[in-house]
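Biologist: Hey, I've just opened this one and I'm new to it. Could you walk me through some of the strands and helices?

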Amino acid sequence: MAVVGHTGQVHHELTDLPVRHVVPRLHAALDQHGTAVLAAPPGTGKTTLVPLALAGLLPDIPGGPDRPTRVIVAEPRRLAARAAARRMAWLLGERVGERVGFTVRGERRPGSLIEVVTTGVLLQRLQREPELDGVAVVILDECHERHLDADTAMAFLLDAREALRPDLRLIAASATADTGPWAGLLGAGPSAPAPVVEAEGVLHPIEVVWAPPARPTRPPHGMRVDPALLDHVAATVRTALAERDGDVLCFLPGVGEIAKVAGLVSGSARESGTEVLQVHGQAAAAVQDAVLRPGERRRIVLTTSVAESSLTVPGVRVVVDSGLAREPRVDHARGLSALTTVRASRAAALQRAGRAGREAPGTVYRCWSEAEHTRLPDRPRPQIALADLTGFALQAACWGAPDGTGLALLDAPPDAAMGAAGETLRALGAVDAGGRATTRGRRMARVGVHPRLARALLDGAEQVGPRAAAEVVALLSEPLPRDAGDDLTAIWRGLRRGGTGPAARWREEARRLTAALSAPLPAPERRDGAVVRGPKRGTDDAVAGLVVALAFPERVARARPGSGHLMVSGTGADPAPGSGLASAPWLAIAVADRPAGSPSARIRQAVVIDEETARRAAAPFLAAAEEVHWAGGDVVARRVERLGAVELSAVPLRDPDPGLLTDALLEGLRREGPSLLTWSRDAGALRERLAFCHRVLGEPWPAVDDAALVERALEWLPLGRARRRADLARIDVAAALRRLPPWECAARLDELAPERVTVPTGSRIRVDYSGEHPVLAAKLQELFGWEAAPRLAGGRVPLVVHLLSPAGRPAAVTADLASFWREGYRSVRAELRGRYPRHPWPEDPVTAEPTRRTKPRKTGPRGS
């Protein structure tokens, strides 16, 4: 098979690509069903040959269109979109922008027949032009990666095909064989799935080398990767260079790890004449082009997961896999989102290993053990289950599907994430109370950045000018290098000084955003009241701070006493040690994450602002209210002005609302318990008697433990006039506590649990109810003549008697006084009679006269 370009040059690069053998079947499936799933491993030609064939540029493959047709190929990454377009244009002997072109955010070189776009660009186009006039086929490439934009784009395409373009042909292209869910989605349901066309890859044998570190390394923690593991990965790369032939492709989780390993292998690479390439989304275009061409010398290619399936790197014979990947995570409670490092799935490990065997037999070094491999997850989780869904929710609302209802999605969005997204969009004025997109929301969606950044662009342009707002938003729209520093204003100044690479991309995005502002603003539909007219001139800090704060008003932060800052959201935020931001009274935080297990966020980039800017940008959070609550051990009543969780000012309240005072006192009781009350001896004894009745008799006798007393405080405590802790301490608790039991119980309390019991001498002695059994403690002589002690609780519980010596010390304990007189008294009498001779010790205590007194002293004759 040959591809003939305009120049007449013939390329034979596609002759042996495995996918060419299934293209006729793909044509037939589309002719019959209009949709299909293409499963083709990396390197088989699904990204380059298939679009050329569907566009009618490969006439020698049967079943194709009669005349050239327009094809859109959607890729999940800009790097992959540019690479695919350049590759197809080269095969045609043309420059990009003739018959094959690409459009990514900030760069547009469309082709007349084939246009490769990112899924984000495709979403924007569908919102503007859902019919996709003139387009015959849309290929959603790498759909197995389950990127959120890709899932959303397919849902919109299926909607458009059903309602507007039944002739539009759709292909879900996957590098894996897990095609069942996609076939069901593109077909008429599980019972009538779309046809699946599979291409067999020519995969050469791959030797797996298990290469775990010699010593255990710490697991990934947030964005942090143990340096010891990176040292081991670098050592494994050097081993692979020494033991094997061909280029080495090394998978790492992110840009920072790529830079670290590049530094570790650079010395040995120079010595061996090996080139080191760092390939990721932020890499320069020259590096991205170079990695797709065979190298003139041996190469080490350090890359993120972009090379798992989106890119085919020629010359690779060895893969070194760190076993790590990055996934999005969102802390909805704190309004923070970030990437986190995770263990790669088995499916990802299989994809990565396959890159070593595309051209010849190869080897994969896995930096973990075979036993660990069995514990890895089967496949990565879809982004819709993990990511911030604010952008998705706005796209769905603009599409006419609030909350995503009715969209054909493989996985439903989580309710919590959609709830948080809806709250954010309502605060931005992007959707109304019913979740429908407002005019302002549609304008925000067309900007092509996260809704928060779109809000900052639209509102910031009115306050600081379009160019300045666009420059700051462009800075926020891309991840910054890890070594960029935390002062966003300084980073902005550095980019303005010019240069290539990141600076050039930033300038291009700023121009695009400025152009997006050229359309007239719609009539104000702001629900947040955040747009406050202000001066359009100011310092760089003032301009950048206002735009950042408009994007992330809940991240406006004030310095706390001691150290760190408190964000409007209520989360603490700490600058890096030694940061110049630490002394700033106010910050607008652009980028923050929360390390696992930490209560505070970590500030990555921020701008120093003043209180006026904080008030203007975070105006929706500004509120003044009377606050009456329990704090510091007493009632605090103040009129407070707050910016969310940040206190701006406070003055004492002279006449607080009585209901709020009562609530505050109840809060104090809940925190500190009934110990706030003054428990006299009588009050404590009454509580013990009530507890005894509840324990023995049950309901309706009330429980009087701490929790029960606090729960029913309003029923028995006179709180109507209490204003502070001291008032609680003055309450007559005994009198109040008598109001707690119902009347039928209160009337029988003295009968069932008497406070005192009258003994034979006539003394009324207090009963102790503090223990498990009620106890009467009396001197033994006062109980003479008492055959039995009374039983309490209606005869259910015997009264335990502690018989005391004349000195008041325990002599005996009994719950059966009659038995004691018969059997125990004699030994007690024998022991104590000599010790206390002045007290009576009759032989028969039952018939003896009880007494409180000693025996009369005997005296001799007068004068003797």
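This is a predicted model: local features need pLDDT of at least 70, side-chain atom pairs count only at pLDDT 80 or more; totals for chains, interfaces and linings use all residues.

Biologist: How many bridges do S27 and S28 pair over?

Modeller: Three bridges. S27 and S28 form a hairpin with five residues between the strands.

Biologist: Which residue takes a positive phi in that hairpin of S27 and S28?

Modeller: Gly762 does, with a phi near 95°.

Biologist: And what about S28 and S29, how do they pair?

Modeller: In the antiparallel sense again, over two bridges, with S29 covering residues 775-779. S28 and S29 make a hairpin too, with six residues between them.

Biologist: Switching topic: which strands make up the closed barrel?

Modeller: Five strands, in the order S19-S20-S21-S23-S22, and the pairing is mixed. From one strand to the next, the twist averages 50°.

Biologist: How do S19 and S22 run, parallel or antiparallel?

Modeller: Antiparallel, with three bridges joining S19 (residues 556-559) to S22 (residues 586-593). As an example, Val556 has Ala588 in S22 as its bridge partner.

Biologist: Now the helices. What does H17 lie across?

Modeller: H17, residues 488-496, lies across S22 and S23, and runs at about 70° to S23. S23 takes in residues 601-609. H17 also packs with H19, residues 540-551.

Biologist: What's the angle between H17 and H19, and how far apart are their axes?

Modeller: About 110°, with the axes 9 Å apart. Angles of 65 to 115 degrees count as roughly perpendicular, so H17 and H19 are roughly perpendicular to each other.

Biologist: Is the crossing of H17 and H19 left-handed or right-handed?

Modeller: Right-handed.

Biologist: Which residues make the contact between H17 and H19?

Modeller: From H17, they're Leu488, Thr489, Trp492, Arg493 and Arg496. H19 brings in Asp540, Asp541, Val543, Ala544 and Val548.

Biologist: How many nonpolar, polar and charged residues does the contact of H17 with H19 have?

Modeller: Five nonpolar, one polar and four charged.

Biologist: Great, thanks, that gets me started.

Terms used:
Residues are numbered from 1 along each chain as its sequence is written. Side-chain values use heavy atoms; hydrogens and water are left out. Two strands pair if DSSP finds at least two bridges between them. Helices (H or I, at least four residues) and strands (E, at least two) are DSSP runs, numbered from the N terminus. Axes are lines fitted to C-alpha atoms, for helices over the stretch in contact, and angles run from 0 to 180 degrees between N-to-C directions. Contact means heavy atoms within 4.5 Å. Angles under 35 degrees count as roughly parallel, over 145 as roughly antiparallel, 65 to 115 as roughly perpendicular and the rest as oblique. A crossing is left-handed if the near helix is turned anticlockwise from the far one by less than a right angle, and right-handed if clockwise. Ala, Val, Leu, Ile, Met, Phe, Trp, Tyr, Cys and Pro count as nonpolar, Asp, Glu, Lys and Arg as charged, and the others, Gly among them, as polar.
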